[in-house]
Amino acid sequence: MRRIVLDMQTALFSEAVSDALDKSDPDFCVYCAESVEQAEALCRSCRAYALITEVTRRHPRTLEDRIALGKAVKAKVPSCKTVLLIDENADPELAAKVRQTKKDGLADNFIYGSVSPTYLAAVIDAL
């Protein structure tokens with residue numbers, strides 16, 4: 001079973017992503033971090049397969065914050081993949097920066113907030 005840690009700004013969004021993953025592939029066990037600080041600890045304690053973390057323009061979820069979190073998690077759990085989630089419709093400029101982050105090797109992948117639950121699960125499955 002692959003363990004996924006979610007670090008989202010709102011509980012509602014986090015629950016929606018969790019439900020999408022639970023319904024799409026029973027091989028995923030999803031943990032929702034209640035705070036940014038808890039995300040790293042959860043990844044470490046459950047030996048996460050992937051960390052899905054939302055990127056916004058506000059601290060503590062800026063792109064720079066998320067890259068730092070990914071590096072911190074990778075230092076403790078080298079096999080954990082970092083996936084950045086961005087609302088490309090609300091902030092196309094930031095979405096372009098997130099896409100470049102993947103190209104630069106600073107994240108393992110990225111997902112736009114507008115993708116279908118099936119596609120989300122497929123991307124995570126293919127990491």
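Predicted model: local features only at pLDDT ≥ 70, side-chain atom pairs only at ≥ 80, totals over all residues.
User: What share of the residues counts as buried?

Analyst: Buried means under 20% relative accessible area. By that cut-off, 46% of the 127 residues are buried.

User: What radius of gyration would a compact globule have, and what does the chain have?

Analyst: For 127 residues, a compact globule would have a radius near 14 Å. The chain has 13 Å, so the two agree. The C-alpha atoms fill a box of roughly 35 × 30 × 25 Å along the principal axes.

User: In what order do the elements run from the N terminus?

Analyst: The order is β-α-β-α-β-α-β-α-β-α. That gives 5 helices and 5 strands. Of the contacts between residues at least 6 apart in sequence, 71% join residues at least 24 apart.

User: How far apart should the ends of helix H3 be?

Analyst: Count 1.5 Å a residue.

User: Which residues of H3 are buried, and what do they pack against?

Analyst: First the general idea. An α-helix has 3.6 residues a turn, so residues three or four places apart point the same way. In H3, the buried residues are Leu-63, Asp-65, Arg-66, Ile-67, Leu-69, Gly-70 and Val-73. They pack against strands E1 (2-7), E3 (50-54) and E4 (81-86), and against helices H2 (36-46) and H4 (92-103).

Definitions and conventions
Residues numbered from 1 in each chain as written. Heavy atoms only, no water. Helix = DSSP H or I, 4+ residues; strand = E, 2+ residues; numbered from the N terminus. Expected span 1.5 Å × (residues − 1). Buried < 20%, exposed > 50% of the residue type's maximum accessible area, 1.4 Å probe, protein only. Contact = heavy atoms within 4.5 Å. Rg over C-alpha atoms; globule rule 2.2 N^0.38 Å.
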